[in-house]
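Please find below a colleague's note on this model.

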Amino acid sequence: RRAAMRAYLVRHAQSENNVLRAPGLDNAERSADPGVTARGCRQMDALEARFARLRAETARGIALYASPMRRCLLTANAMARGMRTRAKVMIDAHEHGGCFRGARGRDADADGTSRAIGERGMTRDEIESEFELVDASDVPTIGWWDASRGCETVAEAQTRARGVARYLMHKARAMAAGEEEEMDVCIVTHGMFIDMLLKTLFDVPRTRGKQGALFCSQNACVHELHLDIAEDGDSVGLQVFNDVTHIPEEARSGGTVDGLSEAYTNEGSA
């Protein structure tokens, strides 16, 4: 019997939006696609070293994927350098909201009209010219986000999370059946999306508004799942949760309950 597939979920390093006083989607000062802070750079260095060690100690390969948002591409590019591999863009791993400027929510215009204006996101050529270790072949030449959508809803993001959960289970089943090479998976994504994905995998109710349970992720943390496929049924185990031991204590950030709860109650960005 083949060993269970490991899936690593990594939250991006601290972004420029993360340090705003009000980082949610209803803040017109937020960036549509921010980079990372100086603290975020330290976190990326720590991830690069951690995954370099993991790759050296693991016989099985690790397929590295990343959200198409800049903060994740920066993080994944550093990890790919440590792992001596390339990351591949997974468009469906982007954060709730998509790529837009302006504001959505309670601080929109006085009449309640959203000020959110969709942007196209980075194009295939832009990603591959800026990030030497990222494969953007699945990204449209006109950009990864449909600007006409403006700002994505929580319900739409939850649907994406279900799709990524199905993808992980499909990979694990194909590997167990000998139909695909034995390989673990690592996805560099976002705090709110990780919460949605874990709730999907562990069958926790997925609702809008105030959440009764939250899976909080600090910046540049690592979650490790084991997807075990067996004749008597499939199971998903959460072996490691929100591990930031690779990051110096003074360089850690994010992961508060209040921050993630606010992202749901006001449809803000984690």
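1. Strand 2 is covered on both of its faces: Gly61, Ala63 and Tyr65 are buried on one side, and Ile62, Leu64 and Ala66 are buried on the other. Since the model is a predicted one, this assignment should be read as computed from predicted coordinates. Six of the six residues of strand 2 (residues 61-66) are buried, so the strand is largely enclosed by the rest of the structure.

2. With strand 7 (residues 183-189), strand 2 forms a parallel pair over six bridges; Gly61 has Met183 as its bridge partner in strand 7. Strand 2 also runs parallel to strand 3 (residues 87-89), to which three bridges join it. Here the bridge partner of Tyr65 is Lys88 in strand 3. From strand 2 the chain passes through helix 2 to strand 3, and this β-α-β crossover is right-handed.

3. Helix 2 (residues 70-83), the connecting element of that crossover, has 14 residues and spans 20 Å from its first C-alpha to its last, close to the 20 Å expected at 1.5 Å a residue. Eleven of the 14 residues are buried, so helix 2 is largely enclosed by the rest of the structure. Among them are Arg71, Asn77 and Thr75, together with Leu73, Met79 and Met83. Cys72, Ala76, Ala78, Ala80 and Gly82 are likewise buried. Arg84 follows helix 2 and has a positive phi, near 55 degrees.

4. Strand 8 (residues 222-228) pairs with strand 9 in the antiparallel sense, over six bridges. Within this pair, Glu224 has Val240 of strand 9 as its bridge partner.

5. How do helix 4 and helix 5 pack, and at what angle? Helix 4 (residues 154-176) packs against helix 5 (residues 191-201) at about 60 degrees, and their axes are 8 Å apart. That angle makes helix 4 oblique to helix 5. The crossing of helix 4 past helix 5 is right-handed.

How values were computed. Residues are numbered from 1 along each chain as its sequence is written. This is a predicted model: local features need pLDDT of at least 70, side-chain atom pairs count only at pLDDT 80 or more; totals for chains, interfaces and linings use all residues. Side-chain values use heavy atoms; hydrogens and water are left out. Helices (H or I, at least four residues) and strands (E, at least two) are DSSP runs, numbered from the N terminus. The expected span of a helix is 1.5 Å times one less than its number of residues. Buried means under 20% relative accessible area, exposed over 50%, partly exposed in between (1.4 Å probe, protein chains only). Two strands pair if DSSP finds at least two bridges between them. A crossover is right-handed if, with the strands pointing away from the viewer, the path from the first strand over the helix to the second runs clockwise. Axes are lines fitted to C-alpha atoms, for helices over the stretch in contact, and angles run from 0 to 180 degrees between N-to-C directions. Angles under 35 degrees count as roughly parallel, over 145 as roughly antiparallel, 65 to 115 as roughly perpendicular and the rest as oblique. A crossing is left-handed if the near helix is turned anticlockwise from the far one by less than a right angle, and right-handed if clockwise.
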